[in-house]
Amino acid sequence: MPTNASAMYADLSLTLSEAGAGRPVLVLHGGGGPATVAGLAQHFSRTAHTITPVHPGWDGAHRPAWLTGIDDLALAYLHMLRDRGLRDVLVVGSSLGGWIAAEMAVRDSAGSIAGLVLIDAVGVQVETQPITDFFALDARGVAEHSWHDPDRYYLDPADLPTEELARRQANMATMRILAGDPYMHDPTLLGRLGKIQVPSLLLWGESDRIVTPAYGAAYADAFGDGRLEVIPKAGHLPQIEQPDATFALIDAHLRGSGDPSDQR
């Protein structure tokens, strides 16, 4: 990767959706793509300037050849925040997006980030709570590990349109490049989270079998100012399975941390 900052990002054109006004909120999707955080983005856009990227390599978005790791993506998003002069940013990340958010926060030398919300995030190594190998699961196994109510959300790949199946396969190929080795974590991240002193809320579905609530508890404990809330009757994507409970916990956290953008 080039060392000069301007040259480094010259071939990176981020795909961003923006809505609302107020405090900047960056919403980062996981491996399932931007649709998995659409409800979150809509919720925040009522009171905040919400920025929702499509990660390079997902849904056809261009991924430069040098962007091969989560750290590369974290630095790219930090560069975007600084380039826009954004401060007091709340970064919200689901699953892989939570990992990106954590990596951003430990590298945020400019102090752009003022808060974090991580939802069933991956990214750290907890010896007693290994991350389920998503790539080794068939579609039914993915549903069983990801949802509290798998029968409601399971989709047979044979029933998917060709274009949708191709989109999902391409997204998974990108995820393998960025997060496949070591699998879904940075071995050093857990030990670096203590330097993050901004308020950090970690939300976890009680039925998540990709990364368990016990994994989430270890993750939260590693932050300088971290707190875990477990959401009943939800799996890996509580913002989809239990949106009202998810939004209520986020709103209460923002009120409690004195966020001026949350006056609900």
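**Figure 1. Buried residues of helix α5 in the predicted model.** Helix α5 spans residues 139-146, and G141, V142, A143, H145 and S146 within α5 are buried (under 20% relative accessible area with a 1.4 Å probe, protein chains only; exposed is over 50%, and partly exposed lies in between). Helices here are DSSP runs of H or I with at least four residues, strands are E runs of at least two, and both are numbered from the N terminus. The cover over the buried residues of α5 includes α6 (150-153) and α10 (238-241), where contact means heavy atoms within 4.5 Å. The model is predicted, so that local features need pLDDT of at least 70 and side-chain atom pairs count only at pLDDT 80 or more, whereas totals for chains, interfaces and linings use all residues. Residues are numbered from 1 along each chain as its sequence is written, and side-chain values use heavy atoms, with hydrogens and water left out.

**Figure 2. The nonpolar cores.** A nonpolar core is a set of buried Ala, Val, Leu, Ile, Met, Phe, Trp, Tyr and Cys residues joined through side-chain atoms within 4.5 Å. The largest core holds 57 residues, of which M104, L116, L193 and Y219 touch the most other members. Beyond residues up to four places away in sequence, L116 touches L90, V91, A101, A105, I196, V198, P199, S200, L201, F223 and H253. A second, separate core has 17 residues, including V27, F44, V92 and L203.

Figure 3. Eight aromatic pairs are found in the whole structure; rings of Phe, Tyr and Trp (its six-membered ring) pair if their centres lie within 6.5 Å, and planes under 30 degrees apart count as stacked, over 60 as edge-to-face and the rest as tilted. F134 and F135 form an edge-to-face pair, because their ring centres are 6.4 Å apart and their planes stand at 85°. W147 and Y153 are stacked, at 4.0 Å centre to centre with 10° between the planes. W147 is buried at 13% relative accessible area, and Y153 is buried at 19%. One aromatic cluster comprises W204, Y215, Y219 and F223. R176 lies over the face of F135, 4.1 Å from the ring centre, and R140 lies over that of Y154 at 4.9 Å; such a charge has NZ of Lys or CZ of Arg within 6 Å of the ring centre and within 35 degrees of the ring normal.

**Figure 4. Packing of helices α3 and α4.** The axes of α3 (residues 70-83) and α4 (residues 96-106) come within 8 Å and cross at roughly 65°; axes are lines fitted to C-alpha atoms, for helices over the stretch in contact, with angles from 0 to 180 degrees between N-to-C directions. The crossing is right-handed, the near helix being turned clockwise from the far one by less than a right angle. I70, L73, A74, Y77, L78 and L81 of α3 meet L96, W99, I100, E103 and M104 of α4.

**Figure 5. Backbone exceptions in loops.** Most residues other than glycine have a negative phi, and most peptide bonds are trans. D88 has a positive phi of about 55° and lies in the loop between α3 and β4 (89-94), partly exposed at 35% relative accessible area. D120 has a positive phi of about 45°; D120 is buried at 0%, in the loop between β5 (113-119) and α5. The peptide bond from D181 to P182 is cis, with omega near -5°, and P182 lies in the loop between α7 (162-179) and α8 (189-192).
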